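Thanks for coming. I have one structure to go through today, and I will keep to the geometry. Please have a look at it before I start.

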Amino acid sequence: MESVDMLWNGWGDPDQAAPLPEPVLGLLGELLGVRPGGSRSVTLEAVEPPASRLTEEARGAFADIVGAEHVRTDRESRIRRTRGKSTPDLLHIRSGVVGDAPDAVVRPGSHDEVVAVLRACAAHRIAVVPFGGGTSVVGGLAPHGHDGFVSLDLRRMNRLRELDTVSRTAVLEPGLRGPEAEALLAGHGYTLGHFPQSFEWATIGGFAAARSSGQASAGYGRFDDMVTALRVATPEGTWDTGRAPRSAAGPDLRQLVLGSEGAFGVITSVTVRVRPRPATRVYEGWRFASFAEGREALRALAQDGPLPTVLRLSDETETLVGLADPAAIGAGAGADTGCLAIAGYEGDTEEVTVRRERAHAALRARAGTFLGEEPGDKWDKGRFSAPYLRDALLDAGAFAETLETAAYWSRIPDLYENVRTAITTALSGAGTPPVVMCHISHVYPAGASLYFTVLSAQGDNPDAHWAGAKQAACDAILASGGTISHHHGVGTDHRPWYAQEIGPLGVEVLHAVKGRLDPSGILNPGILLPPLTSPGA
């Protein structure tokens, strides 16, 4: 069955795109000085990519492998696979700037076809970028250093290949989108339990390649926790990793694939652990007087339990603006709202009841005020809607972008303050200060993630406007002991800071791995790996 394409110049289903309600427009004017009539997008018909550089010889080679109908060089197919979905990506595409469009879209249907396509690309010196849902927000679909490239669209590889009900594992193909995978598993009574904000459009292969983390990670774990085995196609052949749930047989090579963003190979199947579908799902809201109080309550649950399946906390600004409830944005301005936390419980009904009662006692002991199930239900209904809001904000002339990190609990307070200060200082020079919001959405016994959302006026040069703030924020993250990414990945945007995080020797190790798996350097060039700069390179 043919998958529906995402909106070419924005996020998700075109039928769900909607203008901002009047309260939000009023809030934008009050906070940012933004007025209606902002930066509307050009039409798809007005966009023209450069002529494809794919030679007839290369096209014929691809057609022999996947079939001529699965090699596309038409204008629309190429435009739809240009860049990802970060705000800078969308601003370029909405302006009709698609000079970095792929030269062709190749759609293999099997592992063997992927291997053959990669070998053909190596023979013809054509770069190749794996394409799943196209949801990268870190420049993961914009290769550097090659004159031409093909987009390797994996959507035809969308099957549940095997379900082991004894081991509770499933073998999934990489082109399955989140809802498709859940529907296939639900038919057998199981769930993966992986629901990132990109869930509706991102794919199984993308979840693995970018180390995705879902909103229910407290209960189900991150996606890389779920993976037990991987099959990878490389220009040098097939690479299989993982043959048991745990092993002491040397370093775990799965970890070289997880988070590799297509730089080492193309993931063609993922074996994941699955769980029975929960009989009960309950989401609820809690209020804390401050972000610091709420943070300590989340830490107590993460370290001493009981840990809910979903656990997240908005800071004062995010709570005030109402970002945790998109339908109420702007309604809380001027109110003393404190900080909103969402807790969710999934599983067997009796188990959920017991765990919930224990969590209530722990949260009340940490000065939490129970708000009932209504805030949780609102969050659940709107949990995938924020990217649509971002598109409408761009239409109105506002700039909206996100960044995220993680650190040990002891470093979280300084990390939070330093990143907020860095962004605010960098963007205040454009006139109206930005609105910087934050929430904790993934917790561990040793630490947590911080997810920042930034709203500002676009200014005369939105690219430069954000680039300075992004650099300041990333510098502050590393200086404060955070990782450069908790779940968005490295792409091209984070490469300089990733190099600092892993050090020169780490960079050399990764280049050595790539040199063995991809000696021609065709796999997503410029993504993930910083340039070699050490004397031993």
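Four strands make up an open sheet in the order 1-2-4-3, with mixed pairing. Two strands count as paired if DSSP finds at least two bridges between them. Helices (H or I, at least four residues) and strands (E, at least two) are DSSP runs, numbered from the N terminus. The edges are strand 1 (71-72) and strand 3 (127-131), each of which pairs on one side only.

Before going further, the conditions. This is a predicted model, in which local features need pLDDT of at least 70 and side-chain atom pairs count only at pLDDT 80 or more, while totals for chains, interfaces and linings use all residues. Residues are numbered from 1 along each chain as its sequence is written, and side-chain values use heavy atoms, with hydrogens and water left out.

Back to the sheet. Strand 2 (residues 104-106) pairs with strand 4 (residues 149-153) in the parallel sense, over three bridges. Strand 3 and strand 4 also run parallel, joined by five bridges. Which residue of strand 4 does V105 stand opposite? V105 faces S151, and V129 stands opposite S151 as well.

Strand 3 is mostly covered, with five of its five residues buried; buried means under 20% relative accessible area, exposed over 50%, and partly exposed in between, with a 1.4 Å probe and protein chains only. In a regular strand, side chains alternate between the two faces of the sheet. Here A127, V129 and F131 point one way, and V128 and P130 the other.

Now the helices around it. Helix 5 (residues 111-124) lies across strand 2, strand 3 and strand 4, at about 175° to strand 4. Axes are lines fitted to C-alpha atoms, for helices over the stretch in contact, and angles run from 0 to 180 degrees between N-to-C directions.

Helix 5 also packs with helix 2 (residues 56-66), at an angle of about 170° and with the axes 9 Å apart. On the helix 2 side, the contact (heavy atoms within 4.5 Å) involves E57, A58, A61, F62, I65 and V66. Helix 5 supplies E113, A116, V117, A120, C121 and H124.

Next, helix 4 (residues 87-94). Is helix 4 enclosed or open, and why? Eight of its eight residues are buried, so helix 4 is largely enclosed by the rest of the structure. Those buried residues, including D89 and R94, pack against helix 15 (386-395), strand 16 (398-408) and helix 17 (462-479). Just after helix 4, G96 has a positive phi of about 85°.

Last, the cores. A nonpolar core is a set of buried Ala, Val, Leu, Ile, Met, Phe, Trp, Tyr and Cys residues joined through side-chain atoms within 4.5 Å. The largest has 45 residues, and V419, V443 and L450 touch the most other members. Helix 16 (residues 412-428) gives the most to this core, seven residues. Apart from it there is another core, of 44 residues, among them A170, A202, V270 and V513.

L28, in helix 1 (residues 22-32), counts as buried because its relative accessibility is 5%. L28 and L455 are 427 residues apart in sequence, yet 8.9 Å apart in space, C-alpha to C-alpha.
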